[in-house]
Amino acid sequence: MRMVLDQLPVSGLLTLLQRLMLGSLAILFFAACTDGYPTEDELIMNPLELSSSQRLQAMNQLGQDAHPDLTWIYHALPSCILQMTVDGLDSGKQVFSLPMLNAGVDITSGKADPGYGVKVKPRDGASLSERVVFLSKTWVDAVAMSHLVRGFQKGCQTSAATVSTNNTNPP
């Protein structure tokens, strides 16, 4: 019987072809998995470690980016009062102020309108009812804003100095 040593048996040829195909598919699979993912982690901010002006800047940034139809602008007023300007396509511009000392801050979710909000309810005998101070399409933005609002409260309670209102305008 004569055997040629240069040729692979048919079963060996199939496994080599299968290995090449499997290797190619694995390379394509792992290359496709990296599409669209960030190359760096986003910096996680702690609102309690930010200064008052940094906190307001972060609030204003979220207020501009979080909702496609609404823009929220925040200002700090003396005596721990948070002033908000809401500019919406349908509702026009509205300005309101809330005393933040001892106020309750909660996250809400809309049943009729999908999205998430942050509401503030003044306490200690204030005659004001609760107000929505932020709306977003994503829960992550609402959580971030609620932490920033609570940080704003904490900053008011620990700081005897008045926060400047000139540094609150968004860029």
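Two strands count as paired if DSSP finds at least two bridges between them, and strands themselves are DSSP runs of E with at least two residues, just as helices are runs of H or I with at least four, all numbered from the N terminus. This is a predicted model, where local features need pLDDT of at least 70, side-chain atom pairs count only at pLDDT 80 or more, and totals for chains, interfaces and linings use all residues. Residues are numbered from 1 along each chain as its sequence is written, and side-chain values use heavy atoms, leaving out hydrogens and water.

**First stop: the sheet.** Select residues 81–88, strand β2, which pairs with β3 in the antiparallel sense over eight bridges. Click on Gln83 and look across to Ser97, its bridge partner in β3.

**Next stop: a salt bridge.** Show the side chains of Glu130 and Lys119, which meet in a salt bridge at 3.4 Å, N to O (a side-chain nitrogen of Lys or Arg within 4 Å of a carboxyl oxygen of Asp or Glu). Glu130 lies in the loop between β5 (116–121) and β6 (131–136), and Lys119 in strand β5, eleven residues apart.

**Last stop: Ile107.** Find Ile107 in strand β4, residues 104–109. Is Ile107 buried, partly exposed or exposed? Ile107 counts as partly exposed because its relative accessibility is 34% (buried is under 20% relative accessible area, exposed over 50%, partly exposed in between, with a 1.4 Å probe and protein chains only).
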